[in-house]
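Welcome! Keep the picture in view as you go.

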Amino acid sequence: MITYISLLRGINVSGKNSIKMDALKNLFEESSFYNVTTYIQSGNIIFNSNETNSKKLEQLIFNKILNKFGFNVPVIILTIDELEQSLNKNPFSNNSDEKFVHFTFLKDLPTISYEKEINNKKALNEEIKIINKTIYLYCPDGYGKTKLTNNYLEKVLKVSSTTRNLKTTNQLLTIAKEINN
């Protein structure tokens, strides 16, 4: 059995796409997933499955949410190893204030050149680095003030994505490892 971290894009944000975590947990359990655990209200679900293809899981969960709740919610699935690699490769891990570090997880690798456009959009004191399917953001004025939003990055890169702060990302890994034992 494999432990997965499911990141849903755009639920329970500003009163849109509202799904109670209990209802989401039930949906996952009805889908034959095990040890289903949710973390905060923003669409983080950790679970076990016998399925080895994460793309199949993404599509299955997408369809289940669409059918049950009527929401078109992109789903990104990570394994413990993938999440741990993203954390280990964080180029901003030495920044003194971790609350300004964010991870944008991409559904797929970008296939277009993007550096010039993104660098022109970011504030002078912001930093951004893309490594594989993770975008690392350092926004010292706060994520709420950056122009490098999830919507902007999706538009430029033409890839679905979802963003989590460093604290949430670390907590998701901790929960996944607990479930895995």
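**Exercise 1.** Find how the axes of helix H3 and helix H6 cross.

*Solution.* Start with helix H3 (residues 80-88) and helix H6 (residues 166-180): their axes come within 10 Å and cross at roughly 145°. Helices (H or I, at least four residues) and strands (E, at least two) are DSSP runs, numbered from the N terminus. Axes are lines fitted to C-alpha atoms, for helices over the stretch in contact, with angles from 0 to 180 degrees between N-to-C directions.

Next, take the residues that meet. From H3 come Ile80, Leu83, Glu84 and Leu87, and among their partners in H6 are Leu166, Thr169, Leu173 and Lys177. Contact means heavy atoms within 4.5 Å. By class, this contact of H3 with H6 has seven nonpolar, three polar and two charged residues. Here Ala, Val, Leu, Ile, Met, Phe, Trp, Tyr, Cys and Pro count as nonpolar, Asp, Glu, Lys and Arg as charged, and the others, Gly among them, as polar.

A word on the background: this is a predicted model, where local features need pLDDT of at least 70 and side-chain atom pairs count only at pLDDT 80 or more, while totals for chains, interfaces and linings use all residues. Residues are numbered from 1 along each chain as its sequence is written, and side-chain values use heavy atoms, leaving out hydrogens and water.

**Exercise 2.** Which residues of H6 are buried, and what do they pack against?

*Solution.* First, list the buried residues (under 20% relative accessible area, 1.4 Å probe, protein chains only): Leu166, Thr168, Thr169, Leu172, Leu173, Ile175, Ala176 and Ile179. Then look at their surroundings: they pack against elements including strand S1 (2-8), H3 and strand S5 (101-106). H6 also lies across S5 and S8, running at about 95° to S8.

**Exercise 3.** In what order do the four strands of the open sheet lie?

*Solution.* Read the order as S6-S7-S5-S8, with antiparallel pairing. Two strands pair if DSSP finds at least two bridges between them. The edges are strand S6 (127-131) and S8, each pairing on one side only. Now zoom in on S5 and S8: five bridges join them, and Leu106 stands opposite Ser161 in S8.

**Exercise 4.** How many bridges pair strand S2 with strand S3?

*Solution.* Strand S2 (residues 34-39) and strand S3 (residues 44-49) pair in the antiparallel sense over four bridges. Thr38 stands opposite Ile45 in S3. Finish in the hairpin, with four residues between the strands, where Ile40 takes a positive phi near 45°.

Methods. Buried means under 20% relative accessible area, exposed over 50%, partly exposed in between (1.4 Å probe, protein chains only).
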